Amino acid sequence: MGNDSGFYGPLEYSAWLPWAGLGVLVLVAAWLAYVLLSTRRRPDVFAVPPPAPPSDPSGLKRDYLSRIDSVAADATAGRLSARAAHQELSLLIRSFVRDVTGINAPRMTLAELNEQNIPAAALAVSSFYPAEFSPEPRDAEPRSTESPATEPRDAVAMAAETAREVVRTWS
């Protein structure tokens, strides 16, 4: 019996244990670096420049005027509800602004449109809002049979005329 005094010498650790601890620390540091770098906000280096204004805006105007006429005709024929027609007209005006100026108007709120210095389009879109977001838009003018010279016009016809005016007068 070697040592009966009840005391034992310290045990030696394995040589790979400090390396395993260091490896775990390196993995934690790598994970932390990945998380921090992958969630950083990156500058838009690949941002697409806005498209150049069309060289022939008259062709673009003709195209949008025919689209507006098509929406008005569909609403008159009953193929499109008044609310859907107002929504289509609003989208057409916004798309026209995008195609002419390069401003991404289809994705803008009314307040953002007002900030973009395009008052005609913002005014037209604001006039479409009540009919766009209400369940049943009311007629824009009360129907009257007193004067045969003034033909009664419903809200969609007036909205279509507003949209046509924006497209026609755009410079």
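Val-156 is buried, with a relative accessible area of 5%; buried stands for under 20% relative accessible area, exposed for over 50% and partly exposed for the range in between, using a 1.4 Å probe and protein chains only. The model is a predicted one, in which local features need pLDDT of at least 70 and side-chain atom pairs count only at pLDDT 80 or more, while totals for chains, interfaces and linings use all residues. Residues are numbered from 1 along each chain as its sequence is written, and side-chain values use heavy atoms, with hydrogens and water left out.

Val-156 lies in helix α6, where helices are DSSP runs of H or I with at least four residues, strands are runs of E with at least two, and numbering starts from the N terminus. Leaving aside residues up to four places away in sequence, Val-156 touches Ala-75, Ala-82, Ala-85, His-86 and Leu-89; contact here means heavy atoms within 4.5 Å. The C-alpha atoms of Val-156 and Ala-84 are 9.7 Å apart, although 72 residues separate the two in sequence.

The protein chain as a whole has six helices and zero strands, and its elements run α-α-α-α-α-α from the N terminus on. Of its 171 residues, 25% count as buried. Among contacts in the chain with a separation of 6 or more, 62% come from residues 24 or more positions apart.

Helix α6 itself has 15 residues and reaches 21 Å from its first C-alpha to its last, close to the 21 Å expected at 1.5 Å a residue. The expected span is 1.5 Å times one less than the number of residues. Besides Val-156, the buried residues of α6 include Ala-155, Ala-159, Ala-160, Ala-163, Arg-164, Val-166 and Val-167. What covers these buried residues includes α2 (57-77), α3 (82-101) and α5.

Helix α2 contributes Ile-68, which is buried at a relative accessible area of 1%. Not counting residues up to four places away in sequence, Ile-68 touches Leu-89, Leu-92, Ala-160, Ala-163, Arg-164 and Val-167. Its C-alpha atom is separated by 8.7 Å from that of Glu-161, 93 residues apart along the chain.

Helix α3 holds Ser-90. At 2% relative accessibility Ser-90 counts as buried, and with residues up to four places away in sequence again left out, Ser-90 touches Val-125, Phe-128 and Glu-132.

The packing of α5 against α6 comes next. Two packed helices are described by the angle between their axes and the distance between the axes. Helix α5 (residues 119-133) and helix α6 (residues 155-169) pack at an angle of about 170°, with their axes 10 Å apart. That makes α5 roughly antiparallel to α6. The axes are lines fitted to C-alpha atoms, for helices over the stretch in contact, and angles between N-to-C directions run from 0 to 180 degrees; under 35 degrees counts as roughly parallel, over 145 as roughly antiparallel, 65 to 115 as roughly perpendicular and the rest as oblique. On the α5 side the contact is made by Ala-120, Ala-121, Ala-124, Ser-127 and Phe-128, and on the α6 side by Ala-159, Thr-162, Ala-163 and Val-166. By class, this contact has seven nonpolar, two polar and no charged residues. Ala, Val, Leu, Ile, Met, Phe, Trp, Tyr, Cys and Pro count as nonpolar, Asp, Glu, Lys and Arg as charged, and the others, Gly among them, as polar.

Side chains of opposite charge can pair when their charged atoms come close. A salt bridge requires a side-chain nitrogen of Lys or Arg within 4 Å of a carboxyl oxygen of Asp or Glu, and by this rule the count comes to seven. One of them joins Glu-161 and Arg-164 at 3.2 Å, N to O. Both residues lie in helix α6, three residues apart, about one turn of the helix. Glu-161 is partly exposed at a relative accessible area of 27%, whereas Arg-164 counts as buried at 15% relative accessibility. Glu-161 also meets Arg-168 in a salt bridge of 3.3 Å, N to O; Arg-168 is partly exposed, with a relative accessible area of 42%. Salt bridges that share partners join Asp-69, Glu-161, Arg-164, Glu-165 and Arg-168 into one network.

Another salt bridge links the side chains of Asp-99 and Arg-98 at 3.2 Å, N to O. Asp-99 is partly exposed at 27% relative accessible area, and Arg-98 is partly exposed at 32%.
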